[in-house]
Amino acid sequence: MAKNGIAAVIEKIQHFNGLNSRSMFGGTGYFIDDAMFLLVHNEKAYLRGGPDLTDKLITLGCKQFKFQKRIGSARVQYYNIMDLYFSDPIQTHSLFIKSIENAKTDKDKCQHCHERIRDLPNLQLSTERMLARIDIQDVSRLKTIGSSESFRRLQSIYGLDLNINLLWKLEGAIQGVHFSLLGNAIKNDLLGKISGNQVGRVSNLN
């Protein structure tokens, strides 16, 4: 494998239209039209699985990504494609295309299956009722206002000692992931938005 292998993979996906990235799972997630299909973590690239793809990636020897949390770990449907990329770049390109298709399909489904706030990841009926008190009564409005502003408005009702985990849960709900999978960069950005000095920065131990 080339010394700068991960750079070659990233250069390859730069040709996809609509590509963008942001911090995810302690690494960097790459998206097409806001649908995540690739994760880069510790100099390795992990491709999103899905129907007709997960089994193929496993058969090709691609190991599943394990996200190490403070307590325990979580497995997500992303698979290491570094060796495969350099041994069979043509096949890997077709897998990229299939992964993007799956990611977009899942994103479209989620736009219709999460019509109620309580149905979003991390949230429940009690959260939905709390948000209703600040005039956030549907998913679209929650996404428009954003997690940090929603949390600030909730603080005005429930007090400044409102559990900070709710901020992570709101952001995770908006992104469609469990809040424990948010990277520290995202958390610190959110903390900066709600208050400059109210709470400290998130350490690497969280």
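Tyr 78 touches Phe 25, Met 36, Phe 37, Leu 38, Leu 39, Tyr 46, Leu 47, Arg 48, Lys 63, Gln 64 and Phe 65, leaving out residues up to four places away in sequence; contact means heavy atoms within 4.5 Å. The model is predicted: local features need pLDDT of at least 70, side-chain atom pairs count only at pLDDT 80 or more, and totals for chains, interfaces and linings use all residues. Residues are numbered from 1 along each chain as its sequence is written, and side-chain values use heavy atoms, with hydrogens and water left out.

**Overall make-up**

- The protein has nine helices and six strands, taken as DSSP runs numbered from the N terminus (helices H or I, at least four residues; strands E, at least two).
- Of its 206 residues, 43% count as buried, that is, under 20% relative accessible area with a 1.4 Å probe and protein chains only (exposed is over 50%, partly exposed in between).
- Among contacts with a separation of 6 or more, 49% are between residues 24 or more positions apart.

**Nonpolar cores**

- A nonpolar core is a set of buried Ala, Val, Leu, Ile, Met, Phe, Trp, Tyr and Cys residues joined through side-chain atoms within 4.5 Å.
- The largest nonpolar core holds 36 residues, of which Phe 25, Phe 65, Tyr 78, Leu 131, Leu 154 and Leu 170 touch the most other members.
- At least two residues of this core come from each of β3 (35–41), β5 (64–68), β6 (73–80), α5 (125–132), α6 (139–145), α7, α8 and α9.
- Helix α8 gives the most to this core, with five residues.
- Another core, of 24 residues, lies apart from it and includes Ile 13, Leu 53, Ile 81 and Tyr 85.

**Phe 96**

- Phe 96 is found in helix α4 (residues 89–113) and counts as buried, at 0% relative accessibility.
- Beyond its neighbours within four places in sequence, Phe 96 is in contact with Val 9, Lys 12, Ile 13, Phe 16, Phe 37, Leu 38, Leu 47, Ile 81 and Tyr 85.
- Phe 96 and Leu 38 are 58 residues apart along the chain, and their C-alpha atoms are separated by 8.5 Å.

**Helices α7 and α8**

- The axes of α7 and α8 come within 9 Å and cross at roughly 145 degrees; axes are lines fitted to C-alpha atoms, for helices over the stretch in contact, and angles run from 0 to 180 degrees between N-to-C directions.
- This crossing of α7 and α8 is right-handed.
- Ser 147, Ser 148, Ser 150, Phe 151 and Leu 154 of α7 make the contact with Leu 166, Leu 167, Leu 170, Glu 171 and Ile 174 of α8.
- Ser 147, in helix α7 (residues 147–158), is buried, with a relative accessible area of 3%.
- The side chains of Ser 147 and Glu 171 are joined by a polar contact of 2.6 Å (a pair of N or O atoms within 3.5 Å; within protein, one must be able to donate a hydrogen and the other to accept it, and residues adjacent in sequence count only if both atoms are side-chain atoms).

**Helices α8 and α9**

- Helix α8 (residues 165–175) packs against helix α9 (residues 184–194) at an angle of about 115 degrees, with the axes 11 Å apart.
- Leu 167, Trp 168, Glu 171 and Gln 175 in α8 meet Ile 186, Lys 187, Leu 190, Leu 191 and Ile 194 in α9.
- The buried residues of α9 are Asn 184, Ile 186, Lys 187, Asn 188, Leu 190, Leu 191 and Ile 194, and their cover includes β1 (19–24), α7 and α8.

Key
A crossing is left-handed if the near helix is turned anticlockwise from the far one by less than a right angle, and right-handed if clockwise.
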